[in-house]
Amino acid sequence: LDLPKTRKSAIILLGVMRSQRAVPKLLSAYKQSNLKSMILSSLSRIDSEKCYPLIIKMLSSASYTFMQQAKELAIRVGVPILPFLVVELANPKSNKKEIIDIIFQIDARLVQHKLVKLAEQDSEIKKILIEKKLLKS
């Protein structure tokens with residue numbers, strides 16, 4: 001029995017099955033696994049709100065690969081992840097440019113008023129929104 005291949009197959013299968021009951025186990029396995037990318041992909045297929053914080057955390061990852069994968073997953077999740085992204089913008093350590101890019105790729109109009117409010121308090125967000133032409137300078 002090839003344990004690594006069995007683990008990979010199980011992770012993929014849980015995602016394909018969209019098993020909500022698997023989310024806590026996958027989140028736990030994510031913390032201690034070298035299969036982070038595969039686990040993140042399976043979690044996104046399940047489309048559970050429980051995986052949104054993990055996707056958002058990965059947007060600030062030092063690994064470009066993980067950050068790009070998290071960005072693609074957030075865009076794939078779409079509108080349901082928007083409120084979580086807006087909340088993350090208030091985090092001083094967040095990758096504001098990437099998060100705003102994702103919000104625009106999903107649909108910035110849905111959270112425009114919240115973005116404008118955040119821009120009033122954060123010059124970095126304001127600068128990005130001016131570049132995106134959501135605000136005027």
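**Exercise 1. Which residues is Lys-36 in contact with, leaving aside its neighbours within four places in sequence?**

Solution. Begin with the place of Lys-36, which is in helix 3, where helices are DSSP runs of H or I with at least four residues, numbered from the N terminus. Contact means heavy atoms within 4.5 Å, and on this basis Lys-36 is in contact with Tyr-30, Lys-31 and Phe-66, once neighbours within four places are left aside. Next, consider accessibility: Lys-36 counts as partly exposed because its relative accessibility is 22%, given that buried means under 20% relative accessible area, exposed over 50%, and partly exposed in between (1.4 Å probe, protein chains only).

The model used here is predicted, so that local features need pLDDT of at least 70 and side-chain atom pairs count only at pLDDT 80 or more, whereas totals for chains, interfaces and linings use all residues. Residues are numbered from 1 along each chain as its sequence is written, and side-chain values use heavy atoms, with hydrogens and water left out.

**Exercise 2. Is Lys-96 buried or exposed, and which backbone oxygen does its side chain reach?**

Solution. First locate Lys-96, whose place is in helix 7. Lys-96 is buried, because its relative accessible area is 3%. Its side chain reaches the backbone oxygen of Leu-89 at 3.2 Å. Finally, list what Lys-96 touches beyond four places in sequence: Leu-89, Asn-91, Asp-122, Glu-124, Ile-125 and Ile-128.

**Exercise 3. How many salt bridges does a search of the whole structure find, and which parts of the chain does the pair Lys-71 and Glu-98 link?**

Solution. A salt bridge is a side-chain nitrogen of Lys or Arg within 4 Å of a carboxyl oxygen of Asp or Glu, and the search of the whole structure finds five. One of them joins the side chains of Lys-71 and Glu-98, at 2.9 Å from N to O. This pair links distant parts of the chain, with Lys-71 in helix 5 and Glu-98 in helix 7, 27 residues apart.

**Exercise 4. Which residues does Ile-55 touch, not counting residues up to four places away in sequence?**

Solution. With those residues set aside, Ile-55 touches Leu-40, Ala-70, Leu-73, Ala-74, Val-77 and Ile-81.

Notes. Helix = DSSP H or I, 4+ residues; strand = E, 2+ residues; numbered from the N terminus. Polar contact = N/O pair within 3.5 Å; in protein donor to acceptor, adjacent residues only side chain to side chain.
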